[in-house]
Amino acid sequence: MALITNVSDYEELAKQKLPKMVYDFYAGGAEDQWTLKENKEAFSKILFRPRVLIDVSHIDMSTSILGYKISMPIMVAPTALHKLAHQEGEVASAQAAAAAGTIMTLSSWSSCSIEEVSSIAPGLRFFQLSVFKDRDIVQQLVRRAENAGYKAIAVTVDAPRLGRREADVRNRFRLPENVVLKCFEGLDLSKMDKTKGSGLAAYATSQIDSSLSWKDIKWLQTITGLPILVKGVITAEDARIAIECGVAGIIVSNHGGRQLDYLPATISCLEEVVREAKGRRVPVFLDGGIRRGTDVFKALALGASGVFIGRPVLFALAVDGRAGVRNALRMLRDELEITMALSGCASLKDITRDRVITERDMIR
Ligand code: FNR
């Protein structure tokens, strides 16, 4: 195998290895895929203002998320159907995250069950919740996540309907026989419309509740004691409401460019959300387009308490299973470490706003 030197190398190799339908499903974004590209490109417009002659012989990247200590501010975002990449699926990704000392978020669209992942993989996990029309299913999922020891619920709020990913339409994306949406297994499948796409997937998609609103966030807080994070807030207005609702954290996300196209890059939305949350003790996280330790540093400098990565995990999993994901996480960690050293930051608290310069700063 070619020597892998950064996480983007995994994408190239995964493209060669995976069936086109699967690669496109993982890699693709909505419609013109403008936001998909912009998520990455916006990072390249943020530059550094390093300080020199600071002792960086010991770099501490450890941090605490919702009270849980992790080795670095880089966590695993929820992404669907890891078994399309590798037969061990989410179990392998969770094992790699645990070995890296960080948090893995399991998707409601996972191909390994909530319990399978928690019983086989040690470590800290969050559960990503898609709110379905049938609130009994939602309650069951939350209860299962609680019982299996997941530490938080990340409710996805940017997907009242699924975005239009044209590659999936062109490829007539279908789930292979051997891959199942585990959160739906055992439910009344007689309601499934077998004529549309892959039966179970079409059923699950049709069950997304597009009436979801802030009152449901309040309802969720009544059915669980777990902290609730909202995933998919990108404006100050929504950040304010989320904080008023008492959420435990906000994830600035545009779903990796898979939902509404022509949204700004998440890194461009981060500061307005951070400004709103400042002083309220609500941590703000970011996902979208993180491919380098320098990207992680930039997000932290602009106020994120941590970041989540999506596609790099899927591509590394496809190429080399658990070892691949472990290596991808290690490479990002090492890159963050060298970025910190070369910027004069010995710990995460040293990564302050003045260490980066954005396009807006240059206009001022
Ligand atoms: C996702 N994402 C996602 N989000 C979510 O809340 N529930 C989900 O089931 C999924 N599934 C999913 C599948 C695939 C293939 C991708 C690429 C993404 C979005 C994900 O959590 C995250 O927001 C983005 O992946 C972050 O962007 P990057 O790191 O992929 O650029």
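Mentor: Let us begin with overall size. The radius of gyration is taken over C-alpha atoms, and the globule rule is 2.2 Å times the number of residues to the power 0.38. Please bear in mind that the model is predicted.

Trainee: How do you know that the protein chain agrees with a compact globule?

Mentor: For 364 residues the rule gives a radius of gyration near 21 Å, and the protein chain has 20 Å; the two values therefore agree. Along the principal axes, its C-alpha atoms fill a box of roughly 65 × 50 × 40 Å. Buried residues account for 49% of the 364 residues.

Trainee: What confidence does the predictor give to the protein chain and to the complex?

Mentor: On a scale from 0 to 100, the mean pLDDT of the protein chain is 94, and 95% of its residues reach 70 or more. For the complex, the ipTM is 0.99 and the pTM is 0.96.

Trainee: The protein chain has 14 helices and 12 strands. What makes both faces of strand S9 (residues 249-252) count as covered?

Mentor: A residue is buried if 20 or more other C-beta atoms lie within 10 Å of its own. Gly249 and Ile251 on one side are buried, as are Ile250 and Val252 on the other, and both faces are covered.

Trainee: Which strands pair with S9, and in what sense?

Mentor: Two strands pair if DSSP finds at least two bridges between them. Strand S8 (residues 228-231) and S9 have 3 bridges, in the parallel sense, and Leu229 stands opposite Gly249. S9 and strand S10 (residues 284-287) also pair in the parallel sense over 3 bridges, with Val252 opposite Leu286.

Trainee: Why is the crossover from S9 to S10 called right-handed?

Mentor: With the strands pointing away from the viewer, a clockwise path from the first strand over the helix to the second is called right-handed. The path from S9 through helix H11 (residues 266-277) to S10 is of this kind. S8, helix H10 (residues 236-244) and S9 likewise make a right-handed β-α-β unit.

Trainee: Which residues come nearest to the ligand?

Mentor: The cut-off is a C-beta atom within 6 Å. Of the 24 residues around the ligand, Ser107, Thr156, Gly256, Gly310 and Arg311 come nearest. Helix H2 (20-27) and helix H13 (311-343) are the elements that give two or more residues to the shell.

Trainee: How many residues of that shell are nonpolar, polar and charged?

Mentor: The shell divides into 9 nonpolar, 11 polar and 4 charged residues; Gly counts among the polar ones.

Terms used. Residues are numbered from 1 along each chain as its sequence is written. This is a predicted model: local features need pLDDT of at least 70, side-chain atom pairs count only at pLDDT 80 or more; totals for chains, interfaces and linings use all residues. Helices (H or I, at least four residues) and strands (E, at least two) are DSSP runs, numbered from the N terminus. A residue is buried if 20 or more other C-beta atoms lie within 10 Å of its own, exposed if 12 or fewer, and partly exposed in between; C-beta atoms are placed from the backbone.
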